[in-house]
Amino acid sequence: MATSPAEPWSVERLRKIKSALLLGVLILLVAALAALGPPALQRTVTEAVIDLVVVLGMFIFVGNSGVLSFGHIAFMAIAGYGSAILTIPPAKKAVLLKLPPALEALQLPVALAAAIAAFIAGVFALIVGAPIMRLKGIALPMATFGVLMVVHVVTANWQEVTGGRQALVGLPVYVNLWVAVGVALVTLAVAAAYKMSRRGLLLQCSRENEVAATASGIDPARERLVAFVLSAVFVGLGGILFAHFIGTVTANTFYLNLTFTTLAMLVVGGMRSLTGAVVGVAVVSTVSEIFRSIEKGIAIGDTVLSAPPGLQEIALALMMLLILIFRPQGLVGDFELGWPRWGRGAARPAAPAATDQTAQRS
């Protein structure tokens, strides 16, 4: 966690800020290029940017704590359904759901509904996270999976509020490429700020050595809970974007397939760096799109070649297995995008001073 004498923390912080800015510029550049392309490309890139919001949100907890979470998609479901209920016109809610009269007649502006829904996801994370974050070892990730299962069962069977297993339709579709990019940039900024903050550094200390961190006065459970709640809010925003991009919400959407895909993105790129999160989303989205096209069929002359359904999932599973075997730290590991020589020239003179101080003490 400590920086080397040749790179003081002020320089290290500037380097990390520059890394986040470069990632933001890269996201804007990709979005600008996609905006010049056909609608199909814009839709694909928009879906990838929404996935990036979710993965960056997961990084706030997983990347800084080192604890895998299988339950973050539950926060997508809570926020997605919450925003849907708050924005669907009352006439449609009366047909689809059986809500209390006051809630049925309520229709909020989309921005206010998104803020309330994300807040609800954060409150839920606080309630369930308070006991779960005190668990140790494999029990903690398994407990998060239990949260996912409970939320899925509730959303799939609470007919009066969520519509059960039927799709909840009629959501206002206001999410486009630039709305998704705007939320992604905010999420990137918050994830970078938290990583550099005192809270983030304390959590990273517990990630490296929980026993030593506890002996130093750090409360790992408390720091994990703070990151867990903050992470849930931004993952919830990803669920809101997804719901209002598609225009419908279903319980099965926010379950195992999306859990596996987002975790694959985080693991493939590298769980400990923001650059890894961005790279993971780019790689997995590209591979998924390639194999999705192969499943649909590729025309070669008069012949159409297609693969059986499920090839996309198999490819992702194999890719993640290969990464875990040959590159456990992910494709980029701890690397953050930036110019390697940033700040080093100014920091080098500090090394002789440290040597002189050591000599004087001797």
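Modeller: In H2, the residues Thr44, Ala48, Asp51, Leu52, Val55, Leu56 and Phe59 meet Leu274, Ala277, Val278, Val281, Ser285 and Glu289 of H14, where contact means heavy atoms within 4.5 Å. Sorted by class, this contact of H2 with H14 has nine nonpolar, two polar and two charged residues. Ala, Val, Leu, Ile, Met, Phe, Trp, Tyr, Cys and Pro count as nonpolar, Asp, Glu, Lys and Arg as charged, and the others, Gly among them, as polar. This is a predicted model, in which local features need pLDDT of at least 70 and side-chain atom pairs count only at pLDDT 80 or more, whereas totals for chains, interfaces and linings use all residues. Residues are numbered from 1 along each chain as its sequence is written, and side-chain values use heavy atoms, with hydrogens and water left out.

Biologist: What makes H9 roughly antiparallel to H12?

Modeller: The axes of H9 and H12 come within 10 Å and cross at roughly 175 degrees. Angles over 145 degrees count as roughly antiparallel, under 35 as roughly parallel, 65 to 115 as roughly perpendicular and the rest as oblique, and H9 is therefore roughly antiparallel to H12. Val179, Ala180, Val183, Val186, Thr187, Val190 and Tyr194 of H9 make the contact with Glu223, Ala227, Leu230, Phe234, Leu237 and Leu241 of H12. By class, the contact of H9 with H12 has eleven nonpolar, one polar and one charged residues.

Biologist: Why are H10 and H12 called oblique to each other?

Modeller: Helix H10 (residues 198–208) and helix H12 (residues 220–246) pack at an angle of about 125 degrees, with their axes 9 Å apart, and H10 and H12 are therefore oblique to each other. The crossing of H10 and H12 is left-handed. Arg199, Leu202, Leu203 and Ser206 of H10 meet Pro220, Arg222, Glu223, Arg224 and Ala227 of H12, a contact that has four nonpolar, one polar and four charged residues by class.

Biologist: How do you know that Thr187 counts as buried?

Modeller: Buried means under 20% relative accessible area, exposed over 50% and partly exposed in between, with a 1.4 Å probe and protein chains only; Thr187 is at 0% and therefore counts as buried. Thr187 is found in helix H9 (residues 177–196), and, not counting residues up to four places away in sequence, Thr187 touches Val53, Leu56, Gly57 and Phe234.

Biologist: What makes Ser293 partly exposed?

Modeller: Ser293, which is in helix H14, has a relative accessible area of 32% and is therefore partly exposed.

Biologist: What makes the aromatic pair of Phe61 and Phe228 edge-to-face?

Modeller: Rings of Phe, Tyr and Trp (its six-membered ring) pair if their centres lie within 6.5 Å, and planes under 30 degrees apart count as stacked, over 60 as edge-to-face and the rest as tilted. By this rule the count comes to four aromatic pairs. Phe61 and Phe228 are 5.3 Å apart centre to centre with 75 degrees between the planes, an edge-to-face pair. Phe61 lies in helix H2 (residues 39–65) and Phe228 in helix H12, so the pair ties together parts that are 167 residues apart in sequence. Both Phe61 and Phe228 are buried.

Biologist: How do Phe242 and Phe254 pair, and what is the angle between their planes?

Modeller: Phe242 and Phe254 form an edge-to-face pair, at 6.0 Å centre to centre and 70 degrees between the planes. Phe242 counts as partly exposed at 22% relative accessibility, whereas Phe254, at 3%, counts as buried.

Terms used
Axes are lines fitted to C-alpha atoms, for helices over the stretch in contact, and angles run from 0 to 180 degrees between N-to-C directions. Helices (H or I, at least four residues) and strands (E, at least two) are DSSP runs, numbered from the N terminus. A crossing is left-handed if the near helix is turned anticlockwise from the far one by less than a right angle, and right-handed if clockwise.
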